[in-house]
Amino acid sequence: MILLARKRVIAAMSGGVDSTLTVRLLQEAGYEVFGATMQLFDGQNLNDAKEMAKFLGIKHAVIDIRELYKKIVLEYFIDSYKNGITPNPCMMCDFKLKFGVFYDESKAMFDCDYFATGHYSRIVFDSERQKYEVRKAVDLPKDQSYMMYHLTQEQLSRIIFPLGRICKKDTRRISKEKGLPTYNKAESQDICFLTSEQSYVDFLKEEAPEAFNEGFIVNKKGKILGKHHGIPNYTIGQRKGLGIYAKTPQYVVSIDAKNNKIIVGENEDLFRTKLLAKDLAFTDGKPPAQEFTAEGKVRYGMKVHKCHVKLQDDGRATVTFDQPQRAITSGQSVVFYEGDRLIGGGTIIRPL
């Protein structure tokens, strides 16, 4: 972790293992640290973050962005499922809120030049290219650089990821060695606005019951194989819970929200080499070229594969992989790398 000249930094705090260790590492590196927590929804537990800020001896503030969260994340989440698209609410929250309004307001509140989070990713400055770069974390299975392709050069010059060079399995041991009470705290769930007893389907049934109209499950030729119980119950690649009979295993290969149909097929029908993407962003501030070769992936946690990216005049791009990719899903992200350096990414419109 590079110690910067002006040492006031705001740390995003949840009160969990990673964010608490982030603060302690910054303190030990000589930074003057302040804490801030996003209030995203009613009933959110803010006490853990407040207690850890007190324990660490730092000033702490809660930034209330409930209305923005509802408008930007929850409405997007609900609308996506209603339209047969699989959303990524954590990615949207990071894009628009954590590294958006929260980044700006928390830094301004404490007059800090720098912003730190507990993400597993690294930021380095390439003196030869004169560019800040996002690089994969040392702990590749836990790498979160996939989430960072929207960050600008200005933001990258102000962001610190202290955990990028630490393995996730070591954070509890290090936390215990440093006397942090969070060392044995349970991990938080992926979708923060759901309760521990609530699935995303339960949430959608409450917020958008109209999305659960029954319809037909059909094969690729349009033959009706059964009924479905609402489009949000299904996602690309799903096999279990279809409730249909067929001679061979059937998987959801596409979702036709307009006609309220779930289309199923064989496992091989899930593989595609080409996709169309929109909302492209590149960490250099511009793409490497109008056409370029990279290593790409279409889902967090999967391996990268060689691909060719061709930008179109309308701002979209066609991405062609050397190897077929399974279950390319509308609404997820396609992300590009050169080695361990993140180049950019975009939102998948559909497989081609």
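Helix 3 and helix 4 cross in the right-handed sense, where a crossing is right-handed if the near helix is turned clockwise from the far one by less than a right angle, and left-handed if anticlockwise. The model is predicted, so that local features need pLDDT of at least 70 and side-chain atom pairs count only at pLDDT 80 or more, while totals for chains, interfaces and linings use all residues. Residues are numbered from 1 along each chain as its sequence is written, and side-chain values use heavy atoms, with hydrogens and water left out.

Contact (heavy atoms within 4.5 Å) involves Leu68, Tyr69, Ile72, Val73, Tyr76 and Phe77 of helix 3, and Pro89, Met92, Cys93, Lys96, Leu97 and Val101 of helix 4.

Strand 15 (residues 317–326) runs antiparallel to strand 12 (residues 271–282), to which six bridges join it. Strands pair if DSSP finds at least two bridges between them; helices (H or I, at least four residues) and strands (E, at least two) are DSSP runs, numbered from the N terminus. Leu276 has Thr318 of strand 15 as its bridge partner. Strand 14 (residues 305–311) also pairs with strand 15 in the antiparallel sense, over five bridges, and Leu311 is bridged to Ala317. Five residues separate strand 14 from strand 15 in their hairpin, in which Gly315 takes a positive phi near 90 degrees.
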